[in-house]
Amino acid sequence: MVKIEKIIENKKQFLDLLLLADEQENMIDKYLTEGDLFALYDDDLKSVCVVVPINSETCELKNIATYERYQGKGYGRKLINFISNLYKYEYKTMLVGTGETPSILSFYENCGFEISHRLKNFFTDNYDHPMFEDGIQLIDMIYLKKDLQNNRNLSQTGKTKQKKLRDSIIPKDSKITE
Ligand SMILES: CC(C)(COP(=O)(O)OP(=O)(O)OC[C@H]1O[C@@H](n2cnc3c(N)ncnc32)[C@H](O)[C@@H]1OP(=O)(O)O)[C@@H](O)C(=O)NCCC(=O)NCCS
């Protein structure tokens with residue numbers, strides 16, 4: 001049976017999973033102490049995620065990872081649904097930042113996030129080595145957002161606006177599974 005637990009003590013025991021999503025340990029240290037860490041178990045440990053407060057209206061998903069052999073089985077989505085429900089009473093919006101990796105962007109869009117904005121040179125300025133994901137160098141951070149309190153489907157105007165924004169951020173020749 002799937003169960004999700006909030007982890008209070010000894011958060012570093014999950015470092016192997018956290019490093020799948022964020023490969024530099026000192027970057028993880030910056031948010032792990034103040035962040036809320038959740039672990040998903042289905043018999044044994046499958047996924048973790050970390051959420052931090054940003055301000056009175058916004059929180060940010062800082063890390064989410066599923067062990068490689070269990071990816072694509074719905075555990076990541078379950079964790080996102082769980083934290084979306086948990087934080088909707090406290091925050092209006094959940095942000096998540098990621099590299100320009102089409103598969104990860106598709107994952108978040110599949111889980112109800114929409115593209116918000118870009119932070120130029122985040123990865124080249126903040127990490128001590130060049131980082132690559134699916135063969136693409138990570139340079140800018142792409143932020144996506146999820147409205148926690150009004151979990152509606154986007155209107156047609158909203159969808160068109162979102163598509164324009166997405167096309168301006170993600171080059172058309174990138175392979176993104178819709
Ligand atoms: C990203 C990650 C957390 C997703 O976790 P997961 O447990 O595999 O996700 P799920 O199985 O719940 O997938 C949820 C949805 O996203 C989609 N999805 C998942 N991985 C995807 C991929 N690589 N490409 C496109 N869509 C993807 C799934 O198809 C699913 O949609 P569906 O339910 O409509 O089929 C996992 O792949 C992972 O740990 N990756 C390495 C760490 C990482 O990069 N974390 C993100 C850092 S920003």
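Two strands pair if DSSP finds at least two bridges between them. Helices (H or I, at least four residues) and strands (E, at least two) are DSSP runs, numbered from the N terminus. This is a predicted model: local features need pLDDT of at least 70, side-chain atom pairs count only at pLDDT 80 or more, and totals for chains, interfaces and linings use all residues. Residue numbers start from 1 along each chain, as its sequence is written.

**View 1. Strands S5 and S9 pair antiparallel.** Strand S5 spans residues 93-98 and strand S9 residues 141-147. They share 6 bridges. Leucine 95 has lysine 145 in S9 as its bridge partner.

**View 2. An open sheet holds 7 strands.** The order is S1-S2-S3-S4-S5-S9-S6, with mixed pairing. Strand S1 (2-7) and strand S6 (114-119) are the edge strands, each pairing on one side only. From one strand to the next, the twist averages 30°.

**View 3. Helices H2 and H4 lie across strands.** Contact means C-beta atoms, placed from the backbone, within 7 Å. Axes are lines fitted to C-alpha atoms, for helices over the stretch in contact; angles run from 0 to 180 degrees between N-to-C directions. H4 lies across S5, S6 and S9, at about 170° to S5.

Notes: Contact = placed C-beta atoms within 7 Å.
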